[in-house]
Amino acid sequence: MEEEKCDFISSLPSDILRRIISFLALEQAMKTSALSTVWTSLWVPVEVNLREANREVKDIVDLFSKPYDSHQVWKLCLSFQDSKKAPSEMKGEIIALAAKGVDEELYLDFSERQKEQVKNLCLKLEPCCSCHSLLSHPSQAATFSSTLKMLHVRRLSNLSKDLISGLFSSSQFLESLKLEGCNGLQSLDIEANHFLRSLKVIDCPDMVNISVSAINLRSFWYQGILPHQVHLKNTSDLVEVMFDLRNGSGPSEFDCEDVLSLLASLKDIEVLRVSGWLLEWLCSGGVIFRRLDINFNKLKQLSWMDSAMDNTKRDSLACFLNICPSLEKLIIEIDPNRGPLPCPYFHHYWHEPHLWMDYTSVMSNTSQLENLKVVEFMGYTNEEDQSLLIDLLLKKACLLESVTVTSPQHHSWKVAKIPDDQSQLNQTWQSSNQQKQNAVLSLIKFIIRIQNTLFTRIAPSHKNATP
């Protein structure tokens, strides 16, 4: 009964295979190259030679801006002039690999060989009114070169700076921008129109200043060192923020005032992922959150990312939860690979130190979490610190529905609250039995009412019936 299994899909013509993967998002479609040599052949890039990078930027922008029925891949090469060789013999140095999706997605991965790194990057989109002007005047549509919606750039160099600026400025409808692996980038200034919704700056170990102005920005992710300054202007619609500061505070001195100013600009968000050491250092510097004017009244989900959880970190988290009255979900992400970050010494000159030294003080100085329903602990190894935090949350969250603990080996289990003494256990059991008795009595009364109703409806018909 066993027959040889044939891969009918891979045996299809290349044009049909390209059409099939065009229905996938570009990021998912590119993973098909690992299936077999047939699928790998679909991603062989088309070589595009650039004689002079600065002069060819417009041509490359136009190439990326065209609509395509299938995903496209290019290899951008920079040719070097050599009088001793014929043009056909000149070999170009690869400066980038590019992939364009049918849904207006563009990935650019620049070569690591480019040693001259970009230190300052300023990207500006023209005001949104110019976009509406182009749409309302078809005669001017020819000058509008790109409807690109998503731009993902890995690694930057001075050679690529003009190309990125050209792409960004011409992409009037850009909704998502991601910069990744930008070593050497110190300053980022983005001014966007009404279309930009998502901004991600990932793995930028040298960042110093970030300035973003985007009126409809909904999501902002940052991973790297703590920048000296972060200015989020005209971002009233911001909903989700991530500050993954796994690389520490960087060479600049940690300033509580600057961090508090950043937190104040985020007080209306609903989802926050933050490195735990940032809040811990604020508390060590003497900041008492509930005495500030900052309240995260709309925050629904908080993720605390750290290398460990101890008493000091627990106290800092408890202090921050005092200004999160609407919190519904709390996630604790422990990853030892992040490494510990020693807290610097602070001069307490404008706030008194607050870190409590005993568990009783922690309990008495923590507000009730009236809306917290779900708690997830991920990567826990220290059972003592874990139990202290869980116990605190079980006592402070009156509506808590689910507490899940996941080990580093991805084994998960649920945590339930057990009464402290036998009398409380008996009281809980009696209360539970009383509820069951009340439920049974209610059911009996309901059945009796139904029977009475049916009897009153049936009885008159029997009364008027003739024998």
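**Close-up 1. The second largest cavity has a volume of about 70 Å³.** This is a predicted model, in which local features need pLDDT of at least 70, side-chain atom pairs count only at pLDDT 80 or more, and totals for chains, interfaces and linings use all residues. Residues are numbered from 1 along each chain as its sequence is written, and side-chain values use heavy atoms, with hydrogens and water left out. The structure holds 3 cavities of 30 Å³ or more. A cavity is a set of points, on a 1 Å grid over the protein atoms alone, where a 1.4 Å probe fits but cannot get out; lining residues have an atom within 4 Å of a point. A volume is the space filled by probe spheres set on the points, which are joined across faces, edges and corners. The second largest cavity is lined by Leu245, Arg246, Ser275, Trp277, Met305, Asp306, Ser307, Arg338, Gly339 and Leu341. Its lining divides into 4 nonpolar, 3 polar and 3 charged residues. Ala, Val, Leu, Ile, Met, Phe, Trp, Tyr, Cys and Pro count as nonpolar, Asp, Glu, Lys and Arg as charged, and the others, Gly among them, as polar.

**Close-up 2. The largest pocket has a volume of about 300 Å³.** A pocket is an open set of points with protein on both sides within 12 Å along at least five of seven lines. Of its 14 lining residues, Met30, Leu97, Ala99, Tyr107 and Asp109 are the closest to its centre. Helix H2 (26-30) and strands S3 (92-100), S4 (105-110) and S6 (150-154) each supply at least two lining residues. Helices (H or I, at least four residues) and strands (E, at least two) are DSSP runs, numbered from the N terminus. By class, the pocket lining has 9 nonpolar, 2 polar and 3 charged residues.

**Close-up 3. Helices H8 (residues 276-284) and H9 (residues 311-321) pack at about 85°, with axes 9 Å apart.** Axes are lines fitted to C-alpha atoms, for helices over the stretch in contact; angles run from 0 to 180 degrees between N-to-C directions. H8 and H9 are therefore roughly perpendicular, a label for angles of 65 to 115 degrees. H8 contributes Leu279, Glu280 and Cys283 to the contact, and H9 contributes Thr312, Lys313, Ser316, Cys319 and Phe320. Contact means heavy atoms within 4.5 Å.

**Close-up 4. An open sheet of 4 strands runs in the order S5-S8-S10-S12, with parallel pairing.** Two strands pair if DSSP finds at least two bridges between them. 5 bridges join S10 (residues 209-213) to S12.

Terms used:
Angles under 35 degrees count as roughly parallel, over 145 as roughly antiparallel, 65 to 115 as roughly perpendicular and the rest as oblique.
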